[in-house]
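Q: Hi! Could you walk me through this one?
A: Happy to, let's have a look together.

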Amino acid sequence: MRRTVQLLAAVLALATMVAPARADDAKQAAKPVVTLTEKAAAKVKAIAKEQGIKEYWLRVGTKKSAEPGRLDYLLDITEDGADPKADQVCVSHDVRIVVENRSVAHLQGTVIQYDDNEKGKGFVFLNPNDKK
């Protein structure tokens, strides 16, 4: 009996040590890969409306750049939905965002904003994974 209690106590102690890590993993998994600022979401919606696309998805991805060690960003408003086997989906300001699984690690935590100022107009990727 005493040995069973000691074993149970050891298992409970181990479970208590592991539980917070699992909770952190769940929080990480629950975080969207990509988010949009309100201004970026409004611009995506405006472009979709201008193009007459009622049911749209914002497809976000990466591809190898001509510059070694760099990635280029891909951004497309499409009527094609997500492939559950190849894509992850998140929603930001009511815009459905599709990210190819192969780009998730590169884009995790990225915020896309839309700038319209004296320097120009366009979408800007604020990527915490970009080292340059």
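Q: Is Arg102 buried or exposed?
A: Arg102 is exposed, with a relative accessible area of 56%. Do keep in mind that this is a predicted model.

Q: And which side chain does Arg102 meet in a salt bridge?
A: That would be Glu100, at 2.8 Å from N to O. Glu100 counts as partly exposed, at 24% relative accessibility.

Q: How many salt bridges does the structure hold?
A: There are 4. Among them is one between Glu55 and Arg96, whose closest N and O atoms are 3.3 Å apart. Glu55 sits in the loop between helix 2 and strand 2, while Arg96 is in strand 5, 41 residues apart.

Q: What about Arg59, which residue is its salt-bridge partner?
A: Arg59 pairs with Asp87, with 3.4 Å between the closest N and O atoms. Arg59 belongs to strand 2 and Asp87 to strand 4, so this pair ties together parts 28 residues apart in sequence. Asp87 counts as buried, because its relative accessibility is 11%, under the 20% cut-off.

Q: Switching to the sheet: what is the strand order?
A: The order is 3-2-5-4, in an open sheet of 4 strands with mixed pairing. Strands 3 and 4 stand at the edges with a single partner strand each, so one side of each has no neighbour in the sheet.

Q: How do strands 2 and 3 pair?
A: They run antiparallel, over 8 bridges. For instance, Thr62 has Tyr73 in strand 3 as its bridge partner.

Q: Last one: what lines the largest pocket?
A: Its lining has 11 residues, and Gly69, Arg70, Leu71, Asn129 and Asp130 lie nearest the centre. The lining divides into 2 nonpolar, 5 polar and 4 charged residues, and the pocket's volume is about 180 Å³.

Definitions and conventions. Residues numbered from 1 in each chain as written. Predicted model: local features only at pLDDT ≥ 70, side-chain atom pairs only at ≥ 80, totals over all residues. Heavy atoms only, no water. Pairing = 2+ DSSP bridges. Helix = DSSP H or I, 4+ residues; strand = E, 2+ residues; numbered from the N terminus. 1 Å grid on protein atoms, 1.4 Å probe; cavity = no way out; pocket = protein on both sides within 12 Å on 5 of 7 lines; lining within 4 Å. Points joined across faces, edges and corners; volume = space filled by probe spheres on them. Nonpolar A, V, L, I, M, F, W, Y, C, P; charged D, E, K, R; others polar. Buried < 20%, exposed > 50% of the residue type's maximum accessible area, 1.4 Å probe, protein only.
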